[in-house]
Amino acid sequence: MKIENIELHRVCMPLVSPFRTSFGTATERETTLVRVVTAEAEGWAECAAEPDPLYSSEFLDGCDLVMRDHLIPRLKMLGDRLTAEHVATALAPVKGHPMAKAVLETAILDAQLKESGVSFGGYLGAVHEQVPAGVSVGIMDSIDEMLDAVAGYLAEGYLRIKLKIEPGWDIAPVRAVRERFGDEVLLQVDANTAYTLADARHLARLDPFDLLLVEQPLAEDDILGHAQLAKLIKTPICLDESIESARDAAAAITLGACSVINVKPARVGGYLEARRIHDVAAAHGVPVWCGGMLETGVGRAANVALAGLPNFVLPGDTSASSRYYSQDLTEPFVLEEGHLRVPRGPGIGVDILPDVLAELTSSTTSVRF
Ligand code: OSB
Ligand code: MG
């Protein structure tokens with residue numbers, strides 16, 4: 001494939017409500033959109049990194065810089081031999097930076113699939129036309145405020161609730177949701193590394209609430225700690241931050257550190273590695289689900305396609321556009337009986353609305369190829 005040009009578009013999208021996690025509060029979603037222009041098509045993807053390195057070590061300005069000075073020059077060296085399937089190998093000498101690598105691979109894959117008329121779902125092997133949607137509920141100022149938010153999401157039809165937790169906001173909100181909405185609601189929690197193994201007895205207090213899983217309770221590099229914690233609590237452990245590759249997934253499963261995996265393509269360097277994690281987990285009988293990073297419609301489209309693969313058996317953080325944005329960058333993803341439809345058009349299968357993009361763009365950089 002012959003690439004003519006790669007552009008980086010920095011956009012800032014206001015969130016419909018603040019989103020608080022154990023590592024910070026977001027009121028807007030800033031991201032870099034990558035546009036890859038070829039003779040026959042253009043591909044788009046969205047960088048999952050946030051302005052500050054709080055979820056992982058990556059951050060937006062760092063991603064822009066490493067793309068411009070280290071990653072794009074390596075892709076250029078491939079010339080016309082460049083395909084999405086070659087990106088990870090070409091970029092492997094650069095250590096780390098999975099989110100920066102992922103956005104480039106994804107934009108190139110989008111252009112490539114648009115050239116050949118294949119959808120993301122078709123390419124990845126999606127077997128479902130629609131996928132069940134969960135919703136991630138931030139930490140709030142009061143239990144009542146959180147219950148109102150959960151009530152609203154359940155009324156909209158979301159099929160699974162995930163509560164963000166941290167020390168001081170864990171047992172009480174979970175108990176409150178169970179008391180108000182009953183035992184039938186699919187419920188899970190996400191700690192974003194806020195605990196240590198010394199909190200095992202405290203985390204065991206979640207056991208009676210029949211949660212689907214507890215996501216990333218301990219530090220990202222504490223695989224052994226998660227394996228030990230798994231013996232001390234009944235709630236299944238799901239890893240997010242700890243899993244950056246299929247090899248990580250195999251190791252964590254083999255060591256007993258997790259029995260569920262949150263697959264976020266950006267965190268693992270792209271959709272090709274995400275699919276390998278899906279395959280490794282399936283081979284071990286470990287269910288996966290598709291995580292999110294508050295994506296716009298651009299990133300959501302590809303995530304929803306991935307979530308159509310057979311071992312994505314739990315509802316994902318693939319919520320409707322309205323959960324995040326009053327105006328999305330694409331036609332909005334809408335909830336239909338708790339599901340989002342997998343786009344069927346070529347590539348990611350959604351178009352960017354040019355007026356919205358123009359209004360929300362703060363800067364554009366073009367890198368000649
Ligand atoms: O840990 O899953 C996470 C958002 C930003 C960073 C990390 C996480 C999240 C979410 C929201 O939980 C998922 C979404 O709805 O996109
Ligand atoms: Mg998480």
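**Ligand 1 and the two domains around it**

The shell around ligand 1 takes at least three residues from each of domain 1 (3-117 + 352-368) and domain 2 (122-341). Keep in mind that this is a predicted model. As for where the ligand ends up, it's the largest pocket that holds ligand 1.

**Who's around the ligand**

- There are 17 residues around ligand 1, and the ones that come nearest are K164, D190, N192, L294 and Y324.
- Sorted by class, that shell has eight charged, six nonpolar and three polar residues.

- Y324, already listed among the nearest residues, has a side-chain N or O atom 2.6 Å from an oxygen atom of ligand 1.
- The side chain of K162 puts an N or O atom 3.0 Å from an oxygen atom of ligand 1.
- On its own, ligand 1 has 390 Å² of accessible area, and the protein covers 100% of that.

- Domain 1 is built from two stretches, 3-117 + 352-368, while domain 2 runs over 122-341.
- The contact between them takes 33 residues from domain 1 and 41 residues from domain 2.

Key
Residues are numbered from 1 along each chain as its sequence is written. Chains are lettered from A and ligands numbered from 1 in the order in which they are written. This is a predicted model: local features need pLDDT of at least 70, side-chain atom pairs count only at pLDDT 80 or more; totals for chains, interfaces and linings use all residues. Side-chain values use heavy atoms; hydrogens and water are left out. A residue is near a molecule or strand if one of its heavy atoms lies within 4 Å of it. A polar contact is a pair of N or O atoms within 3.5 Å; within protein, one must be able to donate a hydrogen and the other to accept it, and residues adjacent in sequence count only if both atoms are side-chain atoms. Accessible areas come from the Shrake-Rupley method with a 1.4 Å probe; for residues, only the protein chains shown count as cover. On a 1 Å grid over the protein atoms alone, a cavity is a set of points where a 1.4 Å probe fits but cannot get out, and a pocket is an open set with protein on both sides within 12 Å along at least five of seven lines; lining residues have an atom within 4 Å of a point. A molecule sits in a cavity or pocket if more than half of its atoms lie within 2 Å of its grid points. Ala, Val, Leu, Ile, Met, Phe, Trp, Tyr, Cys and Pro count as nonpolar, Asp, Glu, Lys and Arg as charged, and the others, Gly among them, as polar. Domain bounds come from an automatic or database domain assignment. Contact means heavy atoms within 4.5 Å.
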